[in-house]
Amino acid sequence: MATTRILEWCGRLYIWLLLAFLYLPVIIMALMSFNVSPFYQLPFEWTTEWYALLWQNDQLISATWNSIEIAIITTIISTVLGSAASLALYRYEFRGKKVLQALLFPPIAIPWLITGTAMLIFFFGVGIGRGLFAILLGHVALALPYVIVVVSARLQTFAPELEEAARSLGANQWQVTSRVTLPWIMPGVIAGGLFAFAVSFDQFVVSYFLSTPGQTTLPVEIYAAIRKGFTPEINAVSTIIIVVSMALMLLTARFFKFGGEK
Amino acid sequence: MAGVQVSNLSRSFGAHKALDDVSIDFADGGFYALLGPSGSGKTTLLRQIAGFDFPDSGRIAIGGESVERVPVEKRRIGMVFQNYALFPNMSVGDNVAFGLSVRGEAKATIANEVQRALDLVQLGKLGGRRPHQLSGGQRQRVALARAIVTKPRVLLLDEPLGALDKALRVDMQIELKRIQREIGITTIFVTHDQEEALTMSDRIGILRDGRLVQEGPPEEIYDRPKSEFAATFLGDANIFRGETTGTGIRLPDGTAIAAGAGAALAAGAKASCAVRPERIRIATDSGTSDPNANMLRGQVSKRIFAGNNSTYFVDRGGQTLKVIVQNTGIERLAEGQKVVLRWSPESTVLIAGS
């Protein structure tokens with residue numbers, strides 16, 4: 001009896017330590033965004049002054065909108081292209097398929113610093129240059145392999161007889177895909193989309209290489225701001241983003257049970 | 001409804017000949033079993049008729065219309081898969097409605113037809129359930145309802161009862177047969193279960209290594225097998241090998257066995273005779289019965305008691321024969337007992353040697 005209790009207690013402690021490790025820095029930052037002192041000084045005094053200041057910081061706000069826009073467009077493009085590619089790889093046999101599949105995954109392992117440098121040189125060479133469009137292209141390229149990996153994993157659990165059954169009942173290719181295959185892989189598509197969003201929204205290295213002073217994303221802008229001198233507005237904008245993205249994640253987890261049977 | 005004609009159908013996968021010049025005529029409204037061991041080509045043939053795969057050569061006609069290059073979705077067939085392949089994201093009713101819905105039928109028509117199909121398979125009240133809430137037998141019925149609701153020209157079944165336990169399988173055999181009779185649809189049924197093939201079908205086709213070995217009504221194949229393979233694959237058979245005498249064969253030890261049926265062969269050729277185990281009578285004395293009967297002496301080496309019948313294994317100079325006896329009384333033969341086996345020439349089928 002006693003040992004089970006101790007074990008149970010240890011288990012709980014472990015979970016709390018783990019959560020503390022994950023969330024403590026974030027919670028402190030969120031608290032400090034409401035503290036009067038810009039230098040993390042205690043005692044804690046409540047203020048929303050930094051949020052008001054943030055509202056007037058046009059550079060930070062425009063960079064935030066850039067980030068959101070690019071992340072959403074990246075998510076849409078890479079989810080659609082990646083899911084379509086996964087379906088093609090699942091359904092068809094063609095020459096060079098194995099090579100193509102093998103080549104899809106190394107980009108995940110290549111350091112972003114190197115990918116970023118390569119993209120900068122390449123985009124310069126072909127005349128795309130730097131800016132928001134270049135950043136978008138770069139993000140889509142980074143996110144695609146993640147989508148393909150996640151959607152392909154989900155497709156592995158799909159029974160090919162379901163497509164055959166649908167065809168035997170007179171369904172054309174589009175009806176088979178939209179009414180039988182897509183509903184089954186949807187949790188994978190959503191998960192892949194979340195990955196794509198995260199890859200783009202969190203992206204610093206590649207964005208840093210491809211941005212110009214006027215056309216930049218939030219992580220790059222935050223980095224530039226910190227170099228000029230730290231202000232609690234950074235805490236404020238970070239807190240807003242954490243709250244919004246956590247809400248997004250929890251909502252998605254609520255409506256889609258990843259991997260499991262629906 | 002329509003009959004199906006398969007003519008000279010061949011299909012290879014690499015060097016492997018999955019189907020080799022197969023021709024079968026499936027009559028309109030008939031119940032046809034394709035029987036064979038795994039790798040015999042029976043499923044390949046079914047998938048060719050369905051249209052999932054196209055032949056290298058040969059012709060497939062449904063209702064007289066050539067379809068060998070028509071893809072499955074345009075063939076108007078109904079198919080039941082081994083693992084049912086119900087759509088997990090749809091209710092039972094939506095599963096059954098799928099075929100009508102992709103054809104763009106009106107909602108009211110679909111609802112009517114779906115209810116009729118579910119009533120036919122006795123699942124009228126379960127339309128709102130999800131496939132994972134059903135038992136194996138119920139899923140089977142949903143798959144059947146889904147396949148027939150579109151009024152296909154032919155119903156194809158790929159080992160549909162393979163996943164069910166034995167008692168349920170017998171129920172479903174009767175049920176399937178009832179439904180097939182009720183709607184009168186041409187049905188082609190792939191199985192490796194010989195009992196299922198015998199009890200359910202009007203005709204059986206036996207396949208081996210991509211070729212059609214024999215084809216005909218169950219009684220004909222059972223009573224008059226044309227090859228040792230057909231004799232031993234559909235039911236059980238004792239096989240004697242020797243040389244033909246014109247009316248039977250002579251075994252290497254000189255014993256003559258008279259055959260009343262089978263191939264007409266020139267004397268001296270290699271041939272075999274097949275006898276079903278239940279056609280042989282077993283006795284302890286030579287007695288005085290039909291002088292024309294085939295007779296062999298041997299010794300009981302083993303007896304397996306199975307309630308209503310017993311199987312005796314009888315040794316006869318290097319060959320073990322199988323004899324099945326109905327247990328009509330309580331007298332039984334002991335192991336080691338010397339016995340006399342007798343059977344009529346009519347029960348003996350002459351088969352050309354290979």
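**Questions on a predicted two-chain model**

Chain B holds eight helices and 21 strands, where helices (H or I, at least four residues) and strands (E, at least two) are DSSP runs numbered from the N terminus. This is a predicted model, in which local features need pLDDT of at least 70, side-chain atom pairs count only at pLDDT 80 or more, and totals for chains, interfaces and linings use all residues. Residues are numbered from 1 along each chain as its sequence is written, while chains are lettered from A and ligands numbered from 1 in the order in which they are written.

Student: What percentage of the residues in chain B is buried?
Tutor: A residue is buried if 20 or more other C-beta atoms, placed from the backbone, lie within 10 Å of its own, exposed if 12 or fewer do, and partly exposed in between. Chain B has 354 residues, and the buried share of them is 39%.

Student: Is Ala85(B), in its loop, buried or exposed?
Tutor: Ala85(B) is found in the loop between strand 6 (77–80) and helix 2 (92–102) of chain B, and it has a positive phi of about 50 degrees although it is not a glycine. Most residues other than glycine have a negative phi. Because Ala85(B) has 25 C-beta neighbours inside 10 Å, it counts as buried.

Student: How far apart are the end C-alpha atoms of helix 1 of chain A?
Tutor: The expected span of a helix is 1.5 Å times one less than its number of residues, so the 31 residues of helix 1 (residues 2–32) of chain A should span 45 Å. This agrees with the separation in the model, where the end C-alpha atoms are apart by 42 Å.

Student: Where does helix 1 of chain A bend?
Tutor: The bend at a residue is the angle between axes fitted to the seven residues ending there and the seven starting there. In helix 1 of chain A the angle is about 50 degrees, and a proline, Pro25(A), follows within four residues of the bend, which is at Tyr23(A).

Student: Which helix supplies the largest share of the side of chain A that touches chain B?
Tutor: Two residues are in contact if their C-beta atoms lie within 7 Å, and the contact takes 17 residues from chain A and 17 residues from chain B. Helix 8 (160–168) and helix 9 (173–201) of chain A each supply at least two residues of that side of chain A. The largest share, seven residues, comes from helix 8 of chain A.
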